Amino acid sequence: MMKNLIPKPGDKVRCIKMNDDPRPVPSGMTGIVQAVDDIGTVHVVWDDGRLLGLVPETDLFEII
């Protein structure tokens, strides 16, 4: 994650790289944050309709 910012519901994010998912969201894909849970997972509805969370300490993404 860039600049240690935590996105809020409604923010648009861009995936830079997912490191530990067997079927990662492609780099460059954008989506809208739906929620951030108690452990910090950022739940995103991606532009292709897929639902997959970002893990701030593992995945690289930016708020756009």
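Strands (E, at least two residues) and helices (H or I, at least four) are DSSP runs, numbered from the N terminus.

Apart from neighbours within four places in sequence, Val 36 is in contact with Ile 6, Pro 7, Thr 41 and Val 42, where contact means heavy atoms within 4.5 Å. Val 36 and Gly 53 lie 17 residues apart in sequence, and their C-alpha atoms are 8.9 Å apart in space.

## Basis of the model

This is a predicted model, in which local features need pLDDT of at least 70 and side-chain atom pairs count only at pLDDT 80 or more, while totals for chains, interfaces and linings use all residues. Residues are numbered from 1 along each chain as its sequence is written, and side-chain values use heavy atoms, with hydrogens and water left out.

## Overall architecture

The protein chain contains 0 helices and 5 strands, and its pattern along the sequence is β-β-β-β-β. The radius of gyration is 10 Å, close to the 11 Å that the globule rule gives for 64 residues, so the chain is as compact as a globular protein of that length. This radius is taken over C-alpha atoms, and the globule rule is 2.2 Å times the number of residues to the power 0.38.

Along the principal axes, the C-alpha atoms fill a box of roughly 25 × 20 × 20 Å. Of the 64 residues, 31% count as buried. Among contacts between residues at least 6 apart in sequence, 45% join residues at least 24 apart.

The 5 strands of an open sheet are arranged in the order 4-3-2-1-5, with antiparallel pairing; two strands pair if DSSP finds at least two bridges between them. Strand 4 and strand 5 are the edge strands, each pairing on one side only. On average, neighbouring strands of this sheet are turned by 45 degrees against each other, direction ignored. Axes are lines fitted to C-alpha atoms, for helices over the stretch in contact, and angles run from 0 to 180 degrees between N-to-C directions.

Strand 1 pairs with strand 2 over 3 bridges in the antiparallel sense, and with strand 5 over 4 bridges, also antiparallel. Val 13 stands opposite Gly 31 in strand 2 and opposite Ile 63 in strand 5. Strand 3 and strand 4 run antiparallel and are joined by 4 bridges; the bridge partner of Val 42 in strand 4 is Leu 54.

## The nonpolar core

In soluble globular proteins, nonpolar side chains tend to be buried together. The largest nonpolar core here has 12 residues in all: Val 13, Cys 15, Met 18, Val 25, Met 29, Val 33, Val 42, Val 44, Trp 46, Leu 52, Leu 54 and Phe 61. Such a core is a set of buried Ala, Val, Leu, Ile, Met, Phe, Trp, Tyr and Cys residues joined through side-chain atoms within 4.5 Å. The elements that give two or more residues to this core are strand 1, strand 3 (42–46) and strand 4 (51–54), and strand 3 gives the most, with 3 residues.

Leaving aside neighbours within four places in sequence, Val 44 is in contact with residues including Val 13, Val 33, Leu 52 and Leu 54. Val 25 is found in the loop between strand 1 and strand 2 (30–36) and, at 4% relative accessibility, counts as buried. Not counting residues up to four places away in sequence, Val 25 touches Cys 15, Met 18, Trp 46, Arg 50 and Leu 52. The C-alpha atoms of Val 25 and Gly 49, 24 residues apart along the chain, are separated by 11 Å.

## Salt bridges

The model has 2 salt bridges, each defined as a side-chain nitrogen of Lys or Arg within 4 Å of a carboxyl oxygen of Asp or Glu. One joins the side chains of Lys 8 and Asp 11 (3.7 Å, N to O). Lys 8 counts as exposed at 52% relative accessibility, whereas Asp 11 counts as buried at 17%.

The side chains of Arg 14 and Glu 62 also meet in a salt bridge (2.6 Å, N to O). This pair links distant parts of the chain, with Arg 14 in strand 1 (residues 12–17) and Glu 62 in strand 5 (residues 60–63), 48 residues apart. Arg 14 is partly exposed at 30% relative accessibility, and Glu 62 is partly exposed at 24%.

Definitions and conventions:
Buried means under 20% relative accessible area, exposed over 50%, partly exposed in between (1.4 Å probe, protein chains only).
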